[in-house]
Amino acid sequence: MSAPTGEQYPISAHGYHAVVTQGGGVLRALRHDDRPLLDGTAEDAVPSGGRGQLLVPWPNRLRDGRYEFGGTTHQLALTEPSRNNASHGLVRWASWTLVRHEPALVELSYFLPAQSGYPWALDLRTTYALDADGLTVTQSATNTTDTPAPYASGAHPYLVAGPGSCDEWELELPAATYLATDAERLLPTGRGPIGDLGLEADSPTGLAGHALNHAVTDLVRDAEGVATVRLRHPDGGGVALWVDAHHRWLQLYTGDDTPRPRVSLAVEPMTSPPDAFNSREDLVVLEPGASFAAQWGIRAL
């Protein structure tokens, strides 16, 4: 019998150990010196809550699964029926093809065929690579059709700073603005300063008492255009997630409505905000034959 996520691809380097899966191209596990950096998925389990999955060709929610592009209205399947949304793209459960598997690197590909609601074909590639600086993930897409295609990418890792509840951890969040959403469907309604969530953009904030399921933007970046979120445990350890300049958004989620609430913090890299197929904000338009690649990564603190 095979694992629910198919073939397992372990990689290791410099004290880091990760497992990527055929099913969904999922980052199932990531550790450093035997310390978990992710709240992942057991080998004999099915990923829940988007855990470790790739979110392509859009992350987060799309209102009613409907959008207009190129003068045509498109209708996608409602994969979040309780909120009447299309959620997290089209590849979460796809079977990815192994391209390369080296001791510290695994590269996967998936041909996303044109389909109802998304009539464009994409050649997708995802590479997971470990080195002394931790894990680097590269997600790329090439439009193989003869008309422009709307595109965005994301991922759904649940970070772990250390043992115990996330209520014990401090969050360093390089974001000035959050996206307000309605309570029923979690769709955008406006923006506000990050302080309205009780978080600080320029100093650590304890997570106790904060129930988060919010997209944030206006990220503070270093000279190379990289923005870094840090989670720290009282014992001095922690974990960091960084994103390149293509990732203008992050989704923060304490998982309060999941079977394992507040044992991790999902920090989801996103190249666009929720419902970007309708708002067009930060949406990539892939011309015929064009490619787009974005990088993010995780390291131990």
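What follows is a conversation about this predicted model.

Q: Let's begin with the sheets; what is the strand order in the open sheet of nine strands?
A: The order is S10-S11-S12-S13-S27-S23-S22-S17-S20, and the pairing is antiparallel. At the edges are strand S10 (97-102) and strand S20 (205-206), each of which pairs on one side only.

Q: And how many bridges are there between S22 and S23?
A: Strand S22, residues 227-232, and strand S23, residues 238-243, are paired over six bridges in the antiparallel sense. Within that region, Arg-232 stands opposite Gly-238 in S23.

Q: What about the open sheet of four strands, which order does it have?
A: That sheet has the order S1-S2-S3-S4, again with antiparallel pairing. Strand S1 (8-13) and strand S4 (35-36) each have a single partner strand, so one side of each is left without a neighbour in the sheet. Strand S3, residues 27-32, pairs with S4 over two bridges in the antiparallel sense, and Arg-31 is found opposite Pro-36 in S4.

Q: Where is Asp-34, then?
A: Asp-34 is in the loop between S3 and S4. Its phi is positive, about 70°, although Asp-34 is not a glycine.

Q: Is Asp-34 buried or exposed?
A: Asp-34 is exposed, since its relative accessible area is 61%, and the cut-off for exposed is over 50%.

Q: Which strand holds Asp-218?
A: Asp-218 is found in strand S21, and its phi, near 55°, is a positive value in a residue other than glycine. Asp-218 is partly exposed, with a relative accessible area of 41%.

Q: Which strands does S24 pair with?
A: Strand S21, residues 213-219, pairs with S24 in the antiparallel sense over four bridges, and five bridges join S24 to strand S25, residues 265-270, which also run antiparallel. Leu-252 of S24 is the bridge partner of His-214, and Leu-252 also stands opposite Val-267 in S25.

Q: Why is S24 described as largely enclosed?
A: Five of the five residues of strand S24 (residues 249-253) are buried, so this strand is largely enclosed by the rest of the structure. Trp-249, Gln-251 and Tyr-253 point one way from S24, while Leu-250 and Leu-252 point the other way, and all are buried.

Q: Moving to the inside, how many residues does the largest nonpolar core have?
A: The largest nonpolar core has 74 residues, and those with the most contacts inside it are Leu-124 and Ile-298. Strand S27 (residues 291-300) gives the largest share of this core, which is five residues.

Q: What is Leu-124 in contact with?
A: Leaving aside neighbours within four places in sequence, the contacts of Leu-124 include Val-56, Val-91, Trp-96, Leu-108 and Tyr-151. Val-56 also has a part in another feature, for the peptide bond from Val-56 to Pro-57 is cis, with omega near 5°. Pro-57 itself lies in the loop between strand S5 (54-55) and strand S6 (61-63).

Q: How far apart are Gln-75 and Ser-116?
A: Gln-75 and Ser-116 are 41 residues apart in sequence and 7.2 Å apart in space, C-alpha to C-alpha. Ser-116 is among the contacts of Gln-75, which also include Asp-64 and Gly-117. Gln-75 is partly exposed, with a relative accessible area of 33%.

Q: Last topic: what lines the largest pocket?
A: The largest pocket holds about 370 Å³ of space, and of the 19 residues that line it, Arg-61, Glu-80, Arg-83, Ser-87 and His-88 are the closest to its centre. Its lining has two nonpolar, eleven polar and six charged residues.

Q: And what is the volume of the second largest pocket?
A: The second largest pocket has a volume of about 210 Å³. Of the 13 residues lining it, Thr-79, Ser-87, Gly-89, Leu-90 and Trp-93 lie nearest its centre, and the lining divides into seven nonpolar, five polar and one charged.

Conventions:
Residues numbered from 1 in each chain as written. Predicted model: local features only at pLDDT ≥ 70, side-chain atom pairs only at ≥ 80, totals over all residues. Heavy atoms only, no water. 1 Å grid on protein atoms, 1.4 Å probe; cavity = no way out; pocket = protein on both sides within 12 Å on 5 of 7 lines; lining within 4 Å. Points joined across faces, edges and corners; volume = space filled by probe spheres on them. Nonpolar A, V, L, I, M, F, W, Y, C, P; charged D, E, K, R; others polar. Pairing = 2+ DSSP bridges. Core = buried A, V, L, I, M, F, W, Y, C linked by side-chain atoms within 4.5 Å. Buried < 20%, exposed > 50% of the residue type's maximum accessible area, 1.4 Å probe, protein only. Contact = heavy atoms within 4.5 Å.
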